[in-house]
Amino acid sequence: MDKDHFPIFLVATPGLEKALCDEARELGFSKPRPVIGGVEISGGWREVWRANLELRGAGRVLVRIDSFRVTHLAQLDKRARAVAWGEVLRKDVPVRVEASCRKSKIYHSGAAAQRIETAIAEELGAPISEAAQVRVLVRIENDMCTISVDTSGEGLHRRGHKLEVNKAPMRETLAALFLRECGYKGSEPVLDPMCGSGTFVIEAAEMALGLKPGRVRSFAFEHLARFDANAWAAMKAQATSSTSSLLFYGSDRDAGAIRMSLANAERAGVSSVTRFAQTAIDALVRPEGPAGLVIVNPPYGLRIGDRKKLYPLYGALGTVLRTRFSGWRVGLVTADPALARATGLSFEKPGGSVDNNGVRIALYKTGILQ
């Protein structure tokens, strides 16, 4: 493994690989290429650190250590022992191994993981622990074994400030990519009339202020062999924020949601530019100032009988937006095209569906409301 240039894989929400690729390209990562499940880039350890610090849409950042063809466990054992583990892992830091096998002669993932664990323990001397922060990921597909290290640790949607969530919260990474898909670049106000724990509003405010999503959390790469604490501290110190004259609005009929949103915004450092209020949909009013983006993730009614109850809610939302938000654009996330139509809004043809924790959802966008 070349310590200065190696493959890096950015994990994406399935269906949003291109959006993540566009973000990586805008942030200056070298030749990003969308593939199923993520985006491929290449670089050295500084690119790994920067990807974890700056990318809003990536779920994880994986470093590809090695790949080779393998058809039986004895061969896997031999090849695993030849991997340059010491280039990436530290012998004093515990490691856990997770393996998956698909369409391969080696079909027992547990046996494959055991072979890798033995190679790491005996060749490097690192302890194996199911509670380890550092994960080695082994994928054997069509008899090709790919070995990666997860450099993120906790998923990158965990920004470090959203300690309180309501039911079915949207992940920050998904919210960031949906904001991008709506054309949001941080230069217009954003309003979420069903804000829950404030994810869309806080994410939009952070983007406007230039705040890096990984600025306050820790990462698994801090426990790897090539980590340079001084260089990492300098990289974070270079991440400057800006000011914004814009405001970002969240409302919800639930008082508990507003309380959570206020607390989360305070921890994120965006309370000066965010406004949250307990408001029913029919009482929603257009904020003063320039037009912007309304983005909303209403309930989907996935349980039998729930959907019929939601048609009036979607209808009321559409009426309010059509009559009071002239000049604004709308982005609506739902699992049900019929509910989207119930708003009466003129949506563009939606993109492909996105897998959100096993639920297929899609983003519906309007042009500027007249």
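Predicted model: local features only at pLDDT ≥ 70, side-chain atom pairs only at ≥ 80, totals over all residues.
Reader: Which residues of α5 are buried, and which elements do they pack against?
Author: The buried residues of α5 are Glu 172, Thr 173, Leu 174, Ala 175, Ala 176, Leu 177, Phe 178 and Leu 179. Their packing partners are the helices α1 (17–26) and α6 together with the strands β11 (293–296), β12 (329–334), β13 (354–356) and β14 (359–365).

Reader: How are α5 and α6 oriented to each other, parallel or perpendicular?
Author: Two packed helices are described by the angle between their axes and the distance between the axes. For α5 (residues 172–181) and α6 (residues 199–209), the axes come within 9 Å and cross at roughly 65°, and α5 passes α6 in a right-handed crossing. Because angles of 65 to 115 degrees count as roughly perpendicular, α5 and α6 are roughly perpendicular to each other.

Reader: Which residues make the contact of α5 with α6, and how do they divide into nonpolar, polar and charged?
Author: On the side of α5, the contact is made by Glu 172, Ala 175, Ala 176, Phe 178 and Leu 179, while α6 contributes Thr 199, Phe 200, Glu 203, Ala 204 and Met 207. By class, the residues of this contact divide into 7 nonpolar, 1 polar and 2 charged.

Reader: At what angle do the axes of α1 and α5 cross, and which residues of the two helices meet?
Author: The axes of α1 and α5 come within 10 Å and cross at roughly 85°, and the two helices are therefore roughly perpendicular to each other. The residues that meet are Ala 19, Leu 20, Asp 22, Glu 23 and Glu 26 in α1, and Leu 177, Arg 180 and Glu 181 in α5. Sorted by class, the contact of α1 with α5 has 3 nonpolar, no polar and 5 charged residues.

Reader: Which residue just after α5 takes a positive phi, and of about what value?
Author: The backbone just after α5 includes a glycine with a positive phi, and this residue is Gly 183, at about 85°.

Reader: What is Tyr 184 in contact with, leaving aside its neighbours within four places in sequence?
Author: Leaving aside neighbours within four places in sequence, the contacts of Tyr 184 are Leu 179, Val 190, Ala 204, Met 207, Ala 208, Phe 248, Leu 293 and Arg 329.

Reader: Is Ser 251 buried or exposed?
Author: Ser 251 is found in strand β9 (residues 248–252), and, not counting residues up to four places away in sequence, it touches Asp 192, Pro 193, Met 194, Cys 195, Ile 258, Ala 277, Thr 279 and Leu 284. Its relative accessibility is 6%, and because buried means under 20%, Ser 251 counts as buried.

Reader: How far apart in space are Lys 212 and Leu 53, C-alpha to C-alpha?
Author: Lys 212 is found in the loop between α6 and α7 (229–238), where, at 22% relative accessibility, it counts as partly exposed. Not counting residues up to four places away in sequence, Lys 212 touches Leu 53, Glu 54, Arg 56 and Ala 239. Although Lys 212 and Leu 53 are 159 residues apart in sequence, their C-alpha atoms are apart in space by 6.2 Å.

Reader: Where is Asn 142 found, and what is its phi?
Author: Asn 142 is in contact with Arg 102, which lies in strand β5 (residues 95–102). Asn 142 is found in the loop between β6 (134–141) and β7 (144–150), and at 44% relative accessibility it counts as partly exposed. Although Asn 142 is not a glycine, its phi is positive, at about 50°.

Reader: Is Lys 103 buried or exposed?
Author: The place of Lys 103 is in the loop between β5 and α4 (109–124), and its phi is positive, about 50°, although it is not a glycine. At 61% relative accessibility, Lys 103 counts as exposed.

Technical notes: Residues numbered from 1 in each chain as written. Heavy atoms only, no water. Axes fitted to C-alpha atoms, helices over the stretch in contact; angles between N-to-C directions. Helix = DSSP H or I, 4+ residues; strand = E, 2+ residues; numbered from the N terminus. Parallel < 35°, antiparallel > 145°, perpendicular 65-115°, else oblique. Left-handed = near helix turned anticlockwise from the far one by under 90°. Contact = heavy atoms within 4.5 Å. Nonpolar A, V, L, I, M, F, W, Y, C, P; charged D, E, K, R; others polar. Buried < 20%, exposed > 50% of the residue type's maximum accessible area, 1.4 Å probe, protein only.
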